[in-house]
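Thanks for coming, everyone. Let me put the sequence and the structure up, and then I'll walk you through a few places in it.

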Amino acid sequence: MPRTQQYVVDLSADERAELEAMLAAGTHKTRVLTRARCLLHADDGLTDEQVSQAVGCHPGTVARFRKRYTEDGLAAIHRRKADRVYERKLDGRAEAHLIALACSDPPEGRSRWSLHLLAEHLVALNEIDIESISHETVRQVLKKHDCTLTDQPRG
């Protein structure tokens, strides 16, 4: 006995026409066209398994997209779910300290700075109020300001 669908897709005539026009044009990304096909088949009353066989994707994909459509409407076709937003650890003042540190002489016993070493020393500075910082953050800041850790000039 097939289970009932938790999220029901009920397309309006305008939405259906828009999706069919998208498919006819064929100029959209494949994932957008797949989502459009999923919605059209789901609107026809097919189950997730039937839609997945007709479209050629996993039933879980159909279920997730059916849910997104019911929550966000037709706009869900064109965009992915918002990625996580990270808070910046370094402000402009801290970035300036990092660049100054990278341009200074390396610690005794070292021939040059490493990303990990810069991260450790930046956290150890009493002037900067951060608990920890990753070497990847250091790399991104140095890249943003076109700085290198090598002795050779760029260009």
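Let's start at a pocket: the lining of the second largest pocket takes at least two residues from α2 and at least two from α4. Helices here are DSSP runs of H or I with at least four residues, and strands are runs of E with at least two, numbered from the N terminus.

Some ground rules. This is a predicted model, where local features need pLDDT of at least 70 and side-chain atom pairs count only at pLDDT 80 or more, while totals for chains, interfaces and linings use all residues. Residues are numbered from 1 along each chain as its sequence is written, and side-chain values use heavy atoms, with hydrogens and water left out.

Back to that pocket. Its volume is about 230 Å³. A pocket comes from a 1 Å grid over the protein atoms alone: it is an open set of points where a 1.4 Å probe fits, with protein on both sides within 12 Å along at least five of seven lines, and lining residues have an atom within 4 Å of a point. Grid points are joined across faces, edges and corners, and the volume is the space filled by probe spheres set on the points.

The second largest pocket has 11 lining residues, and Arg35, Thr61, Arg64, Phe65 and Arg68 lie nearest its centre. Which helix gives the most to this lining? That is α4, with six residues. By class, the lining of the second largest pocket has seven charged, two polar and two nonpolar residues. Ala, Val, Leu, Ile, Met, Phe, Trp, Tyr, Cys and Pro count as nonpolar, Asp, Glu, Lys and Arg as charged, and the others, Gly among them, as polar.

Now look at α4 itself. It runs over residues 59-72, so to speak 14 residues, and reaches 20 Å from first C-alpha to last, close to the 20 Å expected. The expected span is 1.5 Å times one less than the number of residues.

Which residues of α4 are buried? Val62, Phe65, Arg66, Arg68 and Tyr69. They sit on the same side of α4, because they cover an arc of only 165 degrees around the axis. The arc is that of the directions from the helix axis to the C-beta atoms. Buried means under 20% relative accessible area, exposed over 50%, and partly exposed in between, with a 1.4 Å probe and protein chains only.

On the other side of α4, Arg64 and Glu71 are exposed. The cover over the buried residues of α4 includes α1 (13-25), α2 (30-43) and α3 (48-55). Just past α4 comes Gly73, with a positive phi of about 80 degrees.

Next, α1. This helix has 13 residues and reaches 18 Å from its first C-alpha to its last, close to the 18 Å expected. Its buried residues are Glu15, Leu19 and Met22. Those residues fall within an arc of 55 degrees down the axis of α1, so they line one face of the helix. The face turned away from that buried side carries the exposed residues Ala13, Asp14 and Ala24. Among what covers the buried residues of α1 are α2 and α4. Just after α1, Gly26 takes a positive phi of about 70 degrees.

Stop at α3 for a moment. Val51 is in this helix. Is Val51 buried or exposed? Val51 is buried, with a relative accessible area of 0%. Setting aside residues up to four places away in sequence, Val51 touches Cys38, His41, Ala42, Leu46, Gly56 and Val62. Contact here means heavy atoms within 4.5 Å. Val51 and Ala63 are 12 residues apart in sequence, and their C-alpha atoms are 9.7 Å apart in space.

Over to the largest pocket. Its volume is about 290 Å³. The lining includes Tyr86, Arg88, Leu90, Glu95, Ser134 and Lys144. Helix α7 (residues 135-144) gives the most to this lining, with five residues. The lining of the largest pocket divides into six charged, three polar and three nonpolar residues.

Where is Ile133? Ile133 lies in the loop between α6 (115-124) and α7. Ile133 counts as buried, at 12% relative accessibility. Beyond its neighbours within four places in sequence, Ile133 is in contact with Lys89, Leu90, Ala119, Leu122, Val123 and Val138.

Last stop, Asp146. Asp146 is found in the segment after α7. At 53% relative accessibility, Asp146 counts as exposed. Its phi is near 55 degrees, a positive value in a residue other than glycine. Most residues other than glycine have a negative phi.
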